[in-house]
Amino acid sequence: MTHLVVLPGAARQPVGDYVTCDVVRESADNVLRELQELGVETHGAIAADDVELTLSEAADRAAEEAPGHGEDAVVWDEIAAKTGEQTVLTGTFLALIVVATMIAGIGVLLDQPILIVGAMVVGPEFGPLAALCVALLRRQPPVIGRSVQALTVGFLTAMVATVLSTWALTAAGLVSREMLLDERPLTDFIWRPDALSWVVGLLAGVAGMLSLTSKKSGSLVGVLISVTTVPAAANVAVATAYGVWHEAAGSALQLVINLAAIVLAGLLTLVVQLCWWRHVARRAAHAVPRQRADGGPSPVSAGRRPPRDAG
């Protein structure tokens, strides 16, 4: 911690002091936990913002003294807040997943991977999936329920809308049942799941959770492109609209495999990160007595504790 500023009596609602400081990301979780134990969030508020650029020798020293690396650090309250916002079943979420599934439905009929990729990027389903992983780790039944509800209602609504749009496009003469029954070498993997479907889903879950916890948005886009959740839901809808039940069943299985694999891999990734930072905390705690005995400074974030409700 550095650049500590205290303004006594500056706050008016509620009445109190205003305190601001800079904390390296590796130590942020520990500082937030101590503030919560002091009851700051009960009587006042705790707000955290990312600082993109800091030119300060004091900040550099704090980063060097903090255990671990900022790129690997996980701020659990930040992740919980970020993912928790994406469990709310909003009109925007429904609109995005409906539009994405419709686009994928057209891509299935035209056998166009470009449309499939576009639908994957538009689809908002990774938000509730990530929230479900975090909620399972922190044992938060309300968040688990909201995540499952968002995914269930979202996919069902999107598939019903895609069935209706397929019928409408067929009536307009733009698509036909024969297009679904034709050879589709570029997109038939969507309704033919195999062992690689599990592998891809697991890898996507790991990459997605790492990109979320490390704030690598570019990596997250790549994850969205690699997961066939929305395309599988679209194929279910299109096949159902035309009564091609074996293809609808295969697509439904593909959808279930991808959802399960992403949640499993995401949860395991969080568990590994939690265990790793517990290990880092123990090493930092053991280093404090030795440094004090040598007369040296103690690490800024010594005494880190694991996140609340996590394992």
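Entry 1. I started with glutamate 247, which is buried at a relative accessible area of 3%. The model is predicted. I placed glutamate 247 in helix α13, residues 245-293. I then listed what glutamate 247 touches, leaving out residues up to four places away in sequence: Leu180, Arg184, Trp191, Asn235 and Ala239.

Entry 2. Which side chain meets glutamate 247 in a salt bridge? I found arginine 184, at 2.2 Å from N to O. Arginine 184 sits in the loop between α9 (177-181) and α10 (195-213) and glutamate 247 in helix α13, so the pair ties together parts 63 residues apart in sequence. I checked arginine 184 for burial: its relative accessible area is 4%, so it is buried.

Entry 3. I searched the whole structure for salt bridges and got two. In one of them, the side chains of arginine 192 and aspartate 188 meet at 3.1 Å, N to O. Arginine 192 is partly exposed, at 47% relative accessible area. Aspartate 188 counts as buried, at 18% relative accessibility; the cut-off for buried is under 20%.

Entry 4. I turned to helix α5 (residues 91-110) and helix α8 (residues 141-171). Their axes come within 8 Å and cross at roughly 45°. α5 and α8 are therefore oblique to each other. I noted the crossing as right-handed. On the α5 side, the contact residues include Phe93, Ile97, Met102 and Gly105; on the α8 side, they include Val153, Phe155, Ala161 and Leu169. I sorted the residues of this contact of α5 with α8: 12 nonpolar, six polar and no charged.

Definitions and conventions
Residues numbered from 1 in each chain as written. Predicted model: local features only at pLDDT ≥ 70, side-chain atom pairs only at ≥ 80, totals over all residues. Heavy atoms only, no water. Helix = DSSP H or I, 4+ residues; strand = E, 2+ residues; numbered from the N terminus. Buried < 20%, exposed > 50% of the residue type's maximum accessible area, 1.4 Å probe, protein only. Contact = heavy atoms within 4.5 Å. Axes fitted to C-alpha atoms, helices over the stretch in contact; angles between N-to-C directions. Parallel < 35°, antiparallel > 145°, perpendicular 65-115°, else oblique. Left-handed = near helix turned anticlockwise from the far one by under 90°. Nonpolar A, V, L, I, M, F, W, Y, C, P; charged D, E, K, R; others polar. Salt bridge = Lys/Arg side-chain N within 4 Å of Asp/Glu carboxyl O.
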